[in-house]
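Please look over the model below with me. My notes on its sheets follow as numbered points.

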Amino acid sequence: MNITKDTLKTLRDQGWARIPSNVHEVDALEARTLEIAQRLGTPVRGRVRSIVEVLRPTAPEAAHPASLSRKYGLDAFPFHVDTAHWTVPARFLILSCVSPGEESVPTLLANRDDLHMSDEEQAVAKSAVFLVRNGRNSFYSSIFISGRDFVRYDPGCMEPQCQDAIRALAFFSRERVMPYVEKIDWQPGESLIIDNWRVLHARDAVNQNAINRLLFRCLVV
Ligand SMILES: [Fe+2]
């Protein structure tokens with residue numbers, strides 16, 4: 001499967017790109033998700049064994065201990081990048097919609113370049129220190145890092161270590177970024193490429209009507 005020049009341009013310009021399709025068969029959609037990932041780089045595993053992971057709304061007690069579902073369950077997820085606990089977070093995420101659920105639960109996207117951060121906010125995001133929890137491999141980091149292009153931000157695994165860091169958490173809070181957010185209402189079979197270095201994502205709360213929402217996710221480095 002080819003990714004068109006237009007799709008790549010959209011991805012470069014806005015930080016994400018939607019790819020509609022009429023692929024509804026689950027295995028075919030999984031294969032398509034992997035193919036898109038392979039066109040963009042090297043697909044890698046997250047926490048689970050399969051390269052293409054299934055994401056479904058999960059109550060805290062059933063969730064992986066280090067996942068956002070463990071902390072937030074079916075509530076809204078905060079804005080974050082995926083794999084913020086990696087030394088270098090994944091470059092792209094590919095999400096594909098197996099089932100949107102009976103009631104739409106949009107994915108929300110916020111491009112760091114669209115947030116109109118002041119020079120002072122950017123300086124604080126570069127200097128304020130967080131502990132990034134990753135078991136024995138935990139480390140200290142800031143949100144922006146001099147000389148690096150990625151954002152490291154995930155309140156699920158990053159603990160502020162100073163007053164400035166507590167302040168910096170609010171730079172990407174729902175209230176702060178909502179005016180600049182793009183809402184993706186999922187269509188069955190659709191795929192979405194997210195530039196995980198520049199674009200943060202979040203999920204609205206899931207109610208019982210949307211409990212069967214099912215997405216595939218593939219990480220790309
Ligand atoms: Fe995520």
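Which residue is the bridge partner of F130 in β9?

1. The bridge partner of F130 in β9 is P160. Strand β7 (residues 130-132) and β9 run antiparallel, joined by 3 bridges. Strands here are DSSP runs of E with at least two residues, numbered from the N terminus. Two strands count as paired if DSSP finds at least two bridges between them.

2. A word on the source. This is a predicted model, where local features need pLDDT of at least 70, side-chain atom pairs count only at pLDDT 80 or more, and totals for chains, interfaces and linings use all residues. Residue numbers start from 1 along each chain as its sequence is written.

3. Back to β7 and its sheet. The order is β8-β7-β9, an open sheet of 3 strands with antiparallel pairing. Its edge strands are β8 (139-141) and β9 (158-160), and each pairs on one side only. Neighbouring strands of this sheet are turned by 30 degrees against each other on average, direction ignored. Axes are lines fitted to C-alpha atoms, and angles run from 0 to 180 degrees between N-to-C directions.

4. Another open sheet has 4 strands, in the order β4-β12-β6-β10. The pairing is again antiparallel. At the edges lie β4 (77-80) and β10 (182-184), each of which pairs on one side only. From one strand to the next, the twist averages 20 degrees.

5. Now look inside that sheet. Strand β6 (residues 107-111) pairs with strand β12 (residues 199-203) in the antiparallel sense, over 5 bridges. A110 stands opposite L200 in β12.
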